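Have a go at each one before reading its solution.

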Amino acid sequence: MVKRFIYNKKAAPYVFILPFILVFLLFFISPMINTVIMSFEDVLPGSRKFVGFENYTKLLGDKVFLVALWNSFKYMIWTLILLIPIPMILACIIDSKLMVGKEFFKSALYLPALTSVAVAGIIFRFAFGEQATSLMNQVVALFGMDPFKWLKNGTTGFIVLLVLACWRWTGVNMLYFLSGLKNIPGELYESADIDGANTWQKFRYITIPQLKPTTIYVLTISIYAGLAMFIESYMVFNGNNSPNNIGLTIVGYLYRQGIEKNAMGYASAVGLVLFVIGMAINLVQLKLNGTFKKGD
Amino acid sequence: MQSNISLNSKKSAQKNAVSRGKNLPKRILIFMLFAIIALILLIPFYTLFISTFKDGALVIANGMDVSINTAKMSFKNYMILFTEKNSLFTWFFNSLFLTILQVVCQLFISAFVAYGFAMYDFKGKNFLFICVLFVMMVPFEILMLPLYNQISDMHLTNSYIGIILPTIASASTIFFFRQYLSGIPRDLVEAGRIDGASEYGIFFRLILPIMKPSFAAMAILNAMFSWNNLLWPMLVLKDSGKFTLPIGLNTLLTPYGNNYNLLFVGSFISVIPVFILFACFQKYFVEGMTAGAVKG
């Protein structure tokens, strides 16, 4: 009986897939359904009450949530602006024949991605200290500026988070684009050379279109990563309570409601709004980029 | 014909030499650009390193900077770390244990699942694979609250099992292994069957050994994520004796902890193992990291 089963070619694939199915049902579908149900409920320890769309209507009028939503959205847009074109251009430069010390620079740029957010947060929190003696205030002093209270003010606090993101992810995104560049056939550039194309034209009409799959991939993961940013802000501001909520993100608000205030129902609604916004942006983006047309 | 080729190569060699001379300013410019970027990206590490020799409370009070004042610097923090009773080594070994446990389980189970996806055709395969892609796309933060509820219902809070279970069949690892296995001819599996091996015997004895290179790439990537992970372990673990290094470092940052001397040394030693791994296995880092992007 056992022997017949382990030699059975029909049953085998399902046995192989089984661990995924179990984990998927237990730790993905089930929490997903739970969060949808809870978002229509008032959840208190020991009691749950159906309240319809109350959590969602409350969210719309919740000024703090709108602050969190705006912060996350702003952060996502800025990470897209900074962390797609710049790494792409850096990848093209480092890939060119003129580059010396390619491997060294690739590693050097990648190193920040190896650090934990905990460590990165500690470094940035104190490098952006508000004292005149902190690293970044010494830097701005070189340009004749007075010291900033970096983490107390909305704009500068936001800049700290962006600098942290650029520090950690520039090298990683550059590697993505480098691996994309490897897939571009060299003949395209050769024939462009014959036609007398200049560097800009080659970049514009060969590199950018050919890199499109990589760009779409980086764009897709960056959209959710930007919208779901939380732990960076948590570390830099030493907790979830930044002055005037300047560092509060959607997930930060979810954490505050769900973990700190134990309002699981309300927090679930926050999570689902994030899920829907991210999904919508990505679907629109993928559609505009024509990903669905190809049929793979 | 032959002379023609050699003539051509001579010509191109000449052309190269000419372009090298002409491009020298460009080369220097590009090199300088990357040197400056690398310098900026590496300064935070340097700042952290310098800070490990400074008095912790003073760094907190003045902010981090790059100044070296040997009169005020000492090995005191390292002395405290190695001679006085402290939690850092407990956290360090907790992190190490959790990382190894998580990576071993993840790799083994994900490889098992990926084999099912790559080597069999069965009903529901496409749908299930779309589920894998879907899990990859949804950020963990959205599910963290219901997942946390579920883990506490299962009485798994404050345990390492509770941390590793939800991602034990890691979607991105499955995806990577499946890509890798698609390159292995199915004839090999068929040959195993003809030799009388069972379906699972083929996987364990025939396929697993072939997968070694892909294991290296995923082991390193997953180990890095696991070693650096902060959010989920922070939710699950309650008991400071079980904390991992990133959680521990975060607790050192609170105003109640007066262990500022350990904060920077601790951050520094948490970065070291990943750097060593990176230096030894750089190739695999890049391979694992960019696996998703190549196919788009």
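The exercises below concern a predicted model, and each is followed by its solution.

**Exercise 1.** Work out how many residues of chain A and of chain B are in contact with each other, and which helix of chain A gives the largest share.

*Solution.* Start by counting residue pairs whose C-beta atoms lie within 7 Å. This gives 72 residues of chain A in contact with 71 residues of chain B. Next, sort the chain A side by element: helix H2 (residues 12-38) of chain A comes out with the largest share, 16 residues.

**Exercise 2.** Describe how domain 1 and domain 2 of chain B touch.

*Solution.* First take the bounds: domain 1 of chain B is 19-83 and domain 2 is 88-295. Their C-alpha centres lie 32 Å apart. Then count contacts: 13 residues of domain 1 of chain B meet nine residues of domain 2 of chain B. On the domain 1 side, helices H2 (24-51), H3 (56-62) and H4 (76-83) of chain B each supply at least two residues. H4(B) gives the most, with five residues. By class, this side has eight nonpolar, four polar and one charged residues.

**Exercise 3.** Trace the hairpin of E1(A) and E2(A).

*Solution.* Begin with the pairing: strands E1 (residues 41-44) and E2 (residues 47-50) of chain A run antiparallel over four bridges. One bridge joins A:Leu44 to A:Ser47. Two residues lie between the strands, and A:Gly46 has a positive phi near 90 degrees. Last, look at the faces of E1(A): A:Glu41 and A:Val43 are on the covered face, whereas A:Asp42 and A:Leu44 are on the uncovered one.

Note on methods
Residues are numbered from 1 along each chain as its sequence is written. Chains are lettered from A and ligands numbered from 1 in the order in which they are written. This is a predicted model: local features need pLDDT of at least 70, side-chain atom pairs count only at pLDDT 80 or more; totals for chains, interfaces and linings use all residues. Two residues are in contact if their C-beta atoms, placed from the backbone, lie within 7 Å. Domain bounds come from an automatic or database domain assignment. Ala, Val, Leu, Ile, Met, Phe, Trp, Tyr, Cys and Pro count as nonpolar, Asp, Glu, Lys and Arg as charged, and the others, Gly among them, as polar. A residue is buried if 20 or more other C-beta atoms lie within 10 Å of its own, exposed if 12 or fewer, and partly exposed in between; C-beta atoms are placed from the backbone. Two strands pair if DSSP finds at least two bridges between them.
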